[in-house]
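Reader: I want a close look at one part: the contact between the chains. Please keep it brisk, and give me every cut-off as you go.

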Amino acid sequence: MEGPSPSLAVLRDRPVWPAAGRRQSGGEAETDRDMKKHFRVCRFIMETGVKLGMRSVPVATACVLYHRFFQRARLQAYEPYLVAMSCVYLAGKVEEQHTRTRDIINVSHRYFNSGSVTLECDKEFWDLRDSVVQCELLILRQLNFHVSFEHPHKYLLHYLMSVKSLVNRHAWSRTPVAETSWALLRDCYHGAMCIRHTPQHIAIATLHLALDSYGVELPVGDREWWQVLCVDVTKADIDAVISDLLQLYDMEAKCI
Amino acid sequence: MDSQSRGIRMDRDLLRQCLTYHGESLFNKLKCEQIENPDFQAVVSDLCKATCESKSDGQDSPLVEQFIARKADILFCPTWKTATHKEEEEEQQEEEEEDAAEPYAIMPPMEIFMEVSYEERRTMLYRDLEKGDILVGRINNIREYGFFLTLLCTAGGLRRDIEDLELSALCHIREVPSTGSHDDPLSYYQIGDFIRAAVKDIDRYQEKITVSLQQAALSPGLEHIKLGVFPREALPIHYSRSLRAAADSRETYECILKSCHGYHNPSVVEYLLEKVGVSDTQPPSMMRGLQSKLFHEEDFASAIRKRQSASWALKCVRAGVDHFKHGRHVEAMNEYNKALDIDTNNVEALVARGALYANKGSIMKAITDFELALENCPDHRNANKYLCQTLVERGKQLEEQEKLVTAEGLYRKALSLDESNPEAQEALHKITETIQVSIRLREEAVAKEQEKATSSQTSAEKLRKILKEEKRMKKKRKRSASSNPSSTASSRDSSPSSSSSSSSSESSRRRSKKKNKRRKRGSKRHRRISSKESSSRRSEEGKSKKDRKEKEEEVEWYPAPPNTSATFLNQKGGPRFGERDEGEAAENDAEDKRISQLYSLSAASEDEESDSSQTERKRRDGKESRTGERKNSQREERGSRSGERKSSERGREDNGKERRGSDSKRRSSVGENRRRTVSCSSAESAYSRTSHFNPEYSGNSASTSKSVESRVRHDAPKRNSFDGGRYENRGREEVEEAKGEKDSRKGEDENVPGSGRKSEGAGNHTRPSSLTSVPEGSVKKDLPTNLLDIFNQIAQFKKGKGGGQRK
């Protein structure tokens, strides 16, 4: 498991750190610092994903891989950006949108040294590549090879189709609910909230927030629209997701 | 935070809608958060009113309002919405197909599960239903003025649950398309039929719906859906699913969703994303740092990879140049090829490789590389310089092979790249002079030919007469001509008309001027060049052919038709690649020997021989040009693409002309080719070999094997005319000439499918051939004994050849 590369600062497995546990055990300050770090790394994953031309689902998988990895490992033990690169690489494989390590390394290198010359295909490059591949193996082991996840994307899109027919077509067509909810959904992956909540809840919450943002009113029946979409969801669940999400936007202002 | 949003307007209507929903508290937050946003300041006064109308109960979370206020510049930016109206229309269009394939889960309307009240649903329906939407219903009543439908569900435009809304719609008889003029259209409809109908009109006040079965009543996106009666099985999927949901309360939305096979479509996300109009390559984000428009194009993977490959390739090129400087050419070539593997069309690698090729003598390869380099980088100085030099070099090669026109073209091309190149200037100057000399000669010949051609054209009758006459003359002439071969110095033997060998040809010329002109030209030319190597003479003779051939060869080089390798003619096509050059040289040498042998016999025979060898070659050309034509034009395109830019125009011009030549020639030889069906390449090669020997002997001899000879002869005029067309592109005389050619060819065409005798006549009539139809005996009689041996050889040859041909 210990890669040959020096950039892979491998420490042997520490006790598993579940997300909730970490919060309690690490103390507020550390947690906050960790969350910020994760936020930045996820930002890096998102940006890299766009530059690599990856679709939303593989990027989401990469983020989930990342968060799950650090759910089980200490942030201080591994270089998070290297893990992120490997997550992108692994996610490409998992979601059948293969990305070449060379491209990942190139884009990342440029991300860290913006405006710098491109990497030569020399030893440094190959060392980096080895690190990424080794780290991929590390992630796989750490996650016990459970690397396939259900994402809210599919739910959200179906919900969108259903909700759309509830609304007058002209009102719908001038309201960018789809764009907003999709953006919110993508932004969810900046934090560990994407693995704390169930996909349906996240999908409903993002749709809810999007509809709220534009003041779109849906017909009211005996049951709310979100109750229909997911039987077990409560208003509290939705609010929890939304509050987590809004926290991420707050963090954006603090981090960047 | 909001500086980025400058210059972006805010969607006032959306903001108003939002404020109406959220009320005063949001407005205050907005005013606070967007204080620096001039766009918001521009619309703020409008929004006060909306806030007052607010029916908000203040239940909303302040956090959500805070979020809206902060992100208002993104949320209400008009460019935030990426879905367009067009996409929404297309979406409608797809509806029908989706029912069949179900790329995503088609869900029953949500209000079924939400248990929205009857009144509200009815109101919503009358609010949202529009003209052109499709409704499905059953006929419950038929009257003389139309029929009534009980509405079951919607089927296009709007998706709502309407079954229990007790809606009925009238379809007036006017709206039922009549199938026959005498029939009552309503007689086709029965109570209980399922009807798909378009909404014609909605009376929202009286709550009445009228529908139509006319296709024209559909909204634009739905025009393809067929209206009228349909079977029960064709009911929309969402309707049957809503029935399921209504029947069993355990069938939740989630259950139905997961049971749909569309839900399990692996690419459902991509499909639906496209359907809702969200881009996944430039994904939206509410994070300010992730706005796609902030990413630089040069930071994207593909751009970086490109740059990286280029620099990597450049490194290889540098290594290659180093090898090259130390004389390690193989290693250098390997590096260059590696560089091109890494970065196809890397300009530096192409230039370096081109230079190496040029150094190694593979001039055509070098030119290809340089041209490709220039195509990618038209201003590359070295590429221009090297290409210019290489073109001059190639031009000189061609000049040596007497391909003057092509060479001239190359010089011009070289000059167009580098006007001041002294070498090219000088070479062009020289070659122009040479060409002009030959044009003058040709002009005369053309004039003659034209006369003759016009006369031959008048009518078939006339033609036949002329042919006969000519044949007669030819017989006589042949006797004299056949005697010529032996008469280089003295033999003024039994030729009936001759006093001396030279005068015999002279006299025959006098007898039929038209033909003689041609011949004279040939011999003249021959004399002019006789100081040169015989190979160059030959190539001069066949120059135009070769030029064209070469072009064809260029074309055919890549796809390599099966017979290319076997044909001698292709190899004649001028050197293209190193090995080829050698092969050709060897071939030429062998031929030269043979030819020079013949030379010693007579000028006239030489003329004949080269003519007929041309003939053979041309026949082949004709055939190939048919296959080559298409490719030719392709090549032209390629040529113009391949960075010749300026010069390509010229080249194309030439090409076009030459192609015309080959065109017309091809026409003339079609008959011939049809007869000659050579499929097996070995036969072909055998044939080409014989046909290439044949002329040499037959030139001396009168024909021993008539049938073969006549075929040869038959082609001869074409060669001549083509020969004449060689300098076509020189001036206006070419047009006349071409006309002349056509005329003469017309004459031939009539004869082509005919017997050997006829074609022979045709051949004779354009050509001063003196050979064909003389009986063997008489020829032999006239000949000195030292030629008899040769004749025997020929006879043997021809037998073999004849057999080969008939195959």
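Author: Chain A has 256 residues, and 63% of them are buried (under 20% relative accessible area with a 1.4 Å probe, protein chains only; over 50% is exposed, and in between is partly exposed). This is a predicted model: local features need pLDDT of at least 70, side-chain atom pairs count only at pLDDT 80 or more, totals for chains, interfaces and linings use all residues, and side-chain values use heavy atoms, with hydrogens and water left out. Residues are numbered from 1 along each chain as its sequence is written, while chains are lettered from A and ligands numbered from 1 in the order in which they are written.

Chain A holds 13 helices and zero strands (DSSP runs numbered from the N terminus: helices are H or I with at least four residues, strands are E with at least two). In chain A, 78% of the contacts with a separation of 6 or more join residues 24 or more positions apart; a contact means heavy atoms within 4.5 Å. Chain B has 32 helices and six strands. It has 807 residues, of which 56% count as buried. The share of contacts from residues 24 or more positions apart is 72% in chain B, again at a separation of 6 or more.

Now the interface. Chain A brings 78 residues to the contact and chain B brings 82. The buried area is about 7400 Å², with 58% from carbon and sulfur atoms (accessible area, 1.4 Å probe, that two parts lose on being put together, summed over both). Three residues supply 10% of what chain B buries against chain A, more than any other three: Met287(B), Arg305(B) and Gln308(B).

Charges meet here too. The rule finds nine salt bridges across the interface (a side-chain nitrogen of Lys or Arg within 4 Å of a carboxyl oxygen of Asp or Glu). One salt bridge joins Asp299(B) and Lys51(A), at 3.9 Å from N to O. H12(B) gives the most, with nine residues. By class, the side of chain B has 40 nonpolar, 15 polar and 27 charged residues (Ala, Val, Leu, Ile, Met, Phe, Trp, Tyr, Cys and Pro are nonpolar; Asp, Glu, Lys and Arg are charged; the others, Gly among them, are polar).

Finally, Ser165(A). This residue sits in the loop between H7 (152-164) and H8 (169-173) of chain A. Ser165(A) counts as buried because its relative accessibility is 17%. A polar atom of its side chain lies 3.3 Å from the backbone oxygen of Met161(A). Leaving out residues up to four places away in sequence, Ser165(A) touches Arg159(B) and Arg160(B).

Definitions and conventions
A polar contact is a pair of N or O atoms within 3.5 Å; within protein, one must be able to donate a hydrogen and the other to accept it, and residues adjacent in sequence count only if both atoms are side-chain atoms.
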